[in-house]
Amino acid sequence: MITIRINNESHQLDVTDDMPLLWVLRDILGLTGTKYGCGVAQCGACTIHIDGIPTRACQLPVSLIGDRHITTIEAIGNTREGARIQAVWLQNQVIQCGYCQSGQIMAATALLRDNPNPTDDDIDDAMSGNICRCGTYVRIREAIHQAANNA
Ligand code: FES
Ligand code: FES
């Protein structure tokens with residue numbers, strides 16, 4: 001048995017040690033907001049937070065998480081920065097197909113928490129690992145600036 005803490009709830013899991021966290025989230029716990037994109041830590045669709053740090057869930061064996069706290073898109077709106085990011089995402093109609101957007105929001109939330117007034121370069125650096133095949137990058141940048149200005 002492996003115990004992990006997700007969105008302030010503990011879960012006991014009867015899974016293999018090497019099962020990636022993304023599979024646990026989606027297939028075992030039904031937390032399907034976190035998406036499978038590339039499966040090789042290259043696209044950012046599966047971004048979650050571990051102790052607040054954006055992390056790729058597709059390549060993280062569940063046995064390595066230990067006591068660290070996982071936050072997913074389902075609960076990021078409970079944080080101050082997460083709520084602000086989600087609000088400006090809607091106001092700016094950032095989303096196109098939506099597939100990458102959970103990961104984008106997780107990355108943007110961590111950026112805003114660590115850097116309350118990011119420059120364009122700061123945003124591009126922080127978000128560069130999150131790929132959007134719909135090309136919503138300009139709206140993402142505008143929304144992050146708006147969230148910073150709304151602080
Ligand atoms: S699915 Fe994890 S980074 Fe692409
Ligand atoms: S909104 Fe479609 S992949 Fe980003």
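**Close-up views of a predicted model**

**View 1. Tyrosine 36 sits in the loop between α1 and β3.** The structure shown here is a predicted model. Tyrosine 36 has 17 C-beta neighbours inside 10 Å, so this residue counts as partly exposed. A residue would need 20 or more such neighbours to be buried. Beyond four places in sequence, the contacts of tyrosine 36 are Leu22, Ala45, Cys46 and Cys58. Threonine 71 lies 35 residues away from tyrosine 36 in sequence. In space, the C-alpha atoms of tyrosine 36 and threonine 71 are 17 Å apart.

**View 2. Five strands make an open, mixed sheet.** The strand order is β2-β1-β5-β3-β4. The edges are held by β2 (9–13) and β4 (53–56). Each edge strand has a single partner, so one of its sides has no neighbour in the sheet. From one strand to the next, the twist averages 40°. Helix α3 (residues 101–114) packs on this sheet. There, α3 touches β3 (47–50) and β4. The direction of α3 makes about 35° with that of β3.

View 3. Strand β1 covers residues 2–6 and pairs with β2 in the antiparallel sense. The pairing runs over 5 bridges. Threonine 3 has glutamine 12 of β2 as its bridge partner. Arginine 5 stands opposite serine 10, also in β2.

**View 4. The largest nonpolar core has 38 residues.** Leu21, Ala57, Ala108 and Ile144 have the most contacts inside this core. Two or more residues come from each of β1, α1 (21–28), α2 (80–91), α3, α4 (120–127) and α5 (137–149). Helix α3 gives the largest share, 7 residues. The core draws on both domain 1 (2–71) and domain 2 (76–149), with at least three residues from each.

**View 5. Alanine 57 is among the core residues with the most contacts inside the core.** Residues up to four places away in sequence are left out here. With that limit, alanine 57 touches Pro20, Leu21, Leu22 and Leu25, among others. Its contacts also include Thr34, Cys46 and Ile48. One of these residues, Leu21, is likewise listed among the core members with the most contacts. Two of the residues touched by alanine 57, Leu22 and Cys46, are also in contact with tyrosine 36.

Key: Residues are numbered from 1 along each chain as its sequence is written. Chains are lettered from A and ligands numbered from 1 in the order in which they are written. This is a predicted model: local features need pLDDT of at least 70, side-chain atom pairs count only at pLDDT 80 or more; totals for chains, interfaces and linings use all residues. Two strands pair if DSSP finds at least two bridges between them. Helices (H or I, at least four residues) and strands (E, at least two) are DSSP runs, numbered from the N terminus. Axes are lines fitted to C-alpha atoms, for helices over the stretch in contact, and angles run from 0 to 180 degrees between N-to-C directions. Two residues are in contact if their C-beta atoms, placed from the backbone, lie within 7 Å. A nonpolar core is a set of buried Ala, Val, Leu, Ile, Met, Phe, Trp, Tyr and Cys residues joined through C-beta atoms within 7 Å. A residue is buried if 20 or more other C-beta atoms lie within 10 Å of its own, exposed if 12 or fewer, and partly exposed in between; C-beta atoms are placed from the backbone. Domain bounds come from an automatic or database domain assignment.
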